[in-house]
Amino acid sequence: MDKINLTLLTDFYELTMANGYLENGLGDKIAYFDMFFRKVPDNGGFAIMTGVEQLIQYFKNLSFDERDIEYLRSKGVFSEKFLEYLQNFEFRCDVWAIPEGTPIFPNEPVVTVRGPVIEAQFVETMILLTINHQSLIATKANRIVRAAQGRAVMEFGSRRAHGYDGAIYGARAAYIGGCVGTACTIAEREFNIPAIGTMAHSWVQLFPSELDAFRAYARVYPNNCVLLVDTYNVLKSGIPNAIKVFNEEIVPKGFRPQGIRIDSGDITYLSREARKALDEAGFEDCKVVASNSLDEYIIRDILLQGAEVDQFGVGERLITSKSEPVFGGVYKLVAIEENGRIVPRIKLSENVAKITNPGFKQVWRFFDKDTGKAMADILTMHDEIIDESKPYELFDPEHTWKRKTVRNFKAKRLLKKIFDKGSCVYKCPELSEVKHYCQQQIETLWDAVVRFENPHKYFVDLSEPLWEMKQELLQQHSAR
């Protein structure tokens with residue numbers, strides 16, 4: 001994408017705190033922050049980590065230009081010492097992230113930042129908006145793709161997206177989530193996501209007749225002819241005119257028609273009738289494409305009702321995740337360093353779900369060696385080692401009497417270092433690789449975790465040392 005300085009795309013209190021840290025001699029205090037989320041959208045069983053590549057680009061380009069400094073000076077609340085600090089700002093943090101395309105679960109860190117507190121605090125807003133947005137759309141797209149049961153899903157939502165960045169990065173996220181392409185042209189230029197599209201109703205309306213419109217399009221695009229058949233009447237004119245044009249314009253030139261699209265009406269009924277007519281005309285290979293305010297539930301229902309649809313174009317309910325348009329990621333302080341020692345920090349709350357998991361941590365995923373299926377995620381202290389050759393006891397961190405000993409497992413670290421002292425040490429894979437990896441990783445989840453209704457709660461447990469440290473901090477703070 002074209003470069004734009006996003007450094008000031010931050011909540012204003014990040015700057016007031018940064019100024020305060022500096023004035024209180026805490027500017028170089030080393031702090032650790034975790035990004036995590038508390039709930040999977042749509043009450044699903046898992047979410048999909050997305051947005052790491054854009055986060056890396058943001059970190060690489062962090063700098064304050066003269067316009068930024070002058071604006072901040074005009075506010076009259078920042079010291080000249082702080083403004084001078086910003087003029088010479090250099091990102092020096094260590095950053096870890098779970099790779100894009102990985103299934104993620106509530107309450108486990110998906111991004112961890114370690115560095116001077118001014119820097120580690122300042123990047124909060126962009127971390128959250130980048131990961132929250134793309135993870136939300138990738139998660140929604142994957143639900144829709146799974147509902148389609150192997151049929152292609154195309155992202156058609158640009159015009160309904162929340163701003164142009166929402167359209168562009170939403171297309172990227174949807175592709176990772178499993179969509180085969182997008183209507184967003186710039187997404188192909190930037191990310192090599194196939195751009196897909198044929199005609200709108202206005203094309204058909206512009207010509208004297210529907211037949212004229214179809215014929216004109218077929219002559220221009222004989223090798224990729226998909227006709228929109230619901231401008232007037234799908235069964236009385238749209239399908240008959242499409243078949244006529246296929247026979248007179250496409251087949252004589254040595255091509256086969258690619259499809260017809262239905263964008264309104266009873267998709268189940270119309271698609272079945274369309275399929276019957278196309279088959280009778282000898283176009284068994286002609287695809288039936290459906291669009292029109294679809295989501296995973298509508299797609300699931302019409303397929304259960306026997307809809308004859310080969311491909312789906314999904315727009316507004318995907319690109320905005322209309323059913324649940326917020327991915328509730330948060331960014332919390334979990335530790336500081338004092339005299340070179342990591343000192344954990346915890347946030348308490350009357351709402352037990354908002355009590356944080358303290359300390360500098362690693363996330364491990366356990367896989368059953370026999371089935372390849374994911375068994376549980378374990379949060380450990382950052383320097384803990386899990387020995388795969390020995391049995392490991394899992395336990396519920398809230399109901400500790402629920403315990404299970406696992407054997408014959410493979411333990412994989414999920415958090416990967418992407419920045420070391422401000423320098424990028426991670427090479428982003430190609431987007432097509434991320435999409436393939438995502439599908440592979442989802443296949444490691446049990447069907448009970450993947451289902452839409454009342455999915456099984458995937459285990460995210462704490463190691464014994466981490467759990468004990470958390471209990472000690474709870475005791476310390478409750479005694480005050």
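**Which helix holds both Arg73 and Glu70, and how many residues apart are they?** Both lie in helix H3, 3 residues apart, about one turn of the helix. Before the views, a word on the model: it is predicted, with local features needing pLDDT of at least 70 and side-chain atom pairs counting only at pLDDT 80 or more, while totals for chains, interfaces and linings use all residues. Residues are numbered from 1 along each chain as its sequence is written, and side-chain values use heavy atoms, leaving out hydrogens and water.

View 1. Arg73 is partly exposed at 31% relative accessible area, and Glu70 is partly exposed at 42% (buried means under 20%, exposed over 50%, partly exposed in between, with a 1.4 Å probe and protein chains only).

**View 2. Helices H3 and H4 run roughly antiparallel to each other.** The axes of H3 (residues 66–75) and H4 (residues 80–87) come within 10 Å and cross at roughly 165°. Axes are lines fitted to C-alpha atoms, for helices over the stretch in contact, and angles run from 0 to 180 degrees between N-to-C directions; angles under 35 degrees count as roughly parallel, over 145 as roughly antiparallel, 65 to 115 as roughly perpendicular and the rest as oblique. Helices are DSSP runs (H or I) of at least four residues, and strands (E) of at least two, numbered from the N terminus. Glu66, Ile69, Leu72 and Arg73 of H3 meet Glu80, Leu83, Leu86 and Gln87 of H4, where contact means heavy atoms within 4.5 Å.

**View 3. Helix H7 lies oblique to helix H15.** The axes of H7 (residues 164–177) and H15 (residues 431–442) come within 7 Å, crossing at roughly 45°. On the H7 side, Arg172, Tyr175 and Ile176 make the contact; H15 brings Leu431, Ser432, Val434, Lys435 and Cys438.

**View 4. Asp42 and Lys140 form a salt bridge.** Their closest N and O atoms are 3.4 Å apart. The pair links distant parts of the chain, 98 residues apart: Asp42 sits in the loop between S1 and S2, and Lys140 in helix H6 (residues 124–147). Asp42 is buried at 11% relative accessible area, and Lys140 is buried at 2%.

**View 5. Glu324 and Lys39 meet in a salt bridge.** The N to O distance is 3.0 Å, and Lys39 is partly exposed at 40% relative accessible area.

Conventions
Salt bridge = Lys/Arg side-chain N within 4 Å of Asp/Glu carboxyl O.
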